[in-house]
Amino acid sequence: MSIQRVSYSSPRSDFIAALEKNGCVVVTGFTDDATLEQARKEVQPFLDAEGGTRTCTRLIGRSKTVREKFFSDELYQDMVRHFLNITTTNYYDSTPETHTCPPLLSISITMDTRPNTPAQRLHRDDKNHHARHTSSPSYAIGRDMLLGLFVPGCDTTVASGATRIVPGSHLWGDSEPCFTSPTGSSLVVDAELKRGEAFLMLGSLYHGAGSYSLPTGNRMVHIMFCCSGVYRQEEISYLSYPVEEVREYSAVVKERLGWKMSEPNLGWVDLKSPEYLLV
């Protein structure tokens, strides 16, 4: 099975269909060289000086370009709402009330991989939330609690450690996985990306970064994951971003960081939506 590539200007239904079928999709025409270069300049001072992979954590606060151009992108946020919103109806006596819990930012990080970095083992990112999965022939909304966005700062190839993914594995259960077909061929596909493209991936998809086999160079990728709003975030956003900076963020970023109460009663401070602390 191959990875579907869908143009940014395509109908939202095309992206939804690809994610439901394969667990991932490549977005062509997501961004441009100038925006990627600006993002690189913003994260470069924070990248660690040691190790095979350098990182810039707290990415949403450290790169305005990543925050406002990539994370806040309407396509990504539309997919986040579609797959991760939780809507329920509850009764007060005989009166029904319906509420939607919006998603939250789970983690944002730039990973800058260098030579001699080994491949990751294939895994699911929702392991951090102790997610349980039931094998299914088709997708149903509510199955996933994570949706990731990967924006590479360069072309990513097999030699530079492009992410290896197993299309369709988001529909597998929790038994030991087999990454070969009945005929013995590998089910693992290399998600090679061109500069300017992006990659959307559900948290239940088996994947892992490849090995960086080139003698020089690097592979920079900006990574963001949102989680359903009832789950604990991987990155503690409340401690990562100063209030005085959050005040200047866009409304959707504030909500994803948890600065808006989820009705009816989730995420309050002094019985009020925490937005009042930003005034």
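Visitor: Which side chain does Glu37 meet in a salt bridge?

Guide: Start with the general idea. Side chains of opposite charge can pair when their charged atoms come close. In this predicted model, Glu37 pairs with Arg40, at 2.8 Å from N to O.

Visitor: How many residues apart are Glu37 and Arg40 in helix H2?

Guide: They are 3 residues apart in helix H2, so about one helical turn separates them. Glu37 is partly exposed, at 28% relative accessibility. Arg40 is partly exposed too, at 31%.

Visitor: Where do Asp33 and Arg195 lie, the two partners of another salt bridge?

Guide: Their side chains meet at 2.8 Å, N to O. Asp33 lies in helix H2, residues 33-43, while Arg195 sits in the loop between strand S9 (189-190) and strand S10 (198-202), so the pair ties together parts 162 residues apart in sequence. Asp33 has 48% relative accessibility and counts as partly exposed. Arg195 is partly exposed as well, with 31%.

Visitor: Which parts does the pair of Arg12 and Asp78 tie together?

Guide: First the contact: the two side chains form a salt bridge of 2.8 Å, N to O. Arg12 belongs to helix H1 (residues 12-22) and Asp78 to helix H5 (residues 74-84), so the bridge ties together parts that are 66 residues apart in sequence. Arg12 is partly exposed, at 27%. Asp78 is partly exposed, with a relative accessible area of 27%.

Visitor: Which residues are linked with Arg12 in a network of salt bridges?

Guide: Asp78 and Arg81 join Arg12 in that network.

Visitor: How many salt bridges does the count come to?

Guide: The count is 11. Among them are the Glu37–Arg40, Asp33–Arg195 and Arg12–Asp78 pairs.

Definitions and conventions. Residues are numbered from 1 along each chain as its sequence is written. This is a predicted model: local features need pLDDT of at least 70, side-chain atom pairs count only at pLDDT 80 or more; totals for chains, interfaces and linings use all residues. Side-chain values use heavy atoms; hydrogens and water are left out. A salt bridge is a side-chain nitrogen of Lys or Arg within 4 Å of a carboxyl oxygen of Asp or Glu. Helices (H or I, at least four residues) and strands (E, at least two) are DSSP runs, numbered from the N terminus. Buried means under 20% relative accessible area, exposed over 50%, partly exposed in between (1.4 Å probe, protein chains only).
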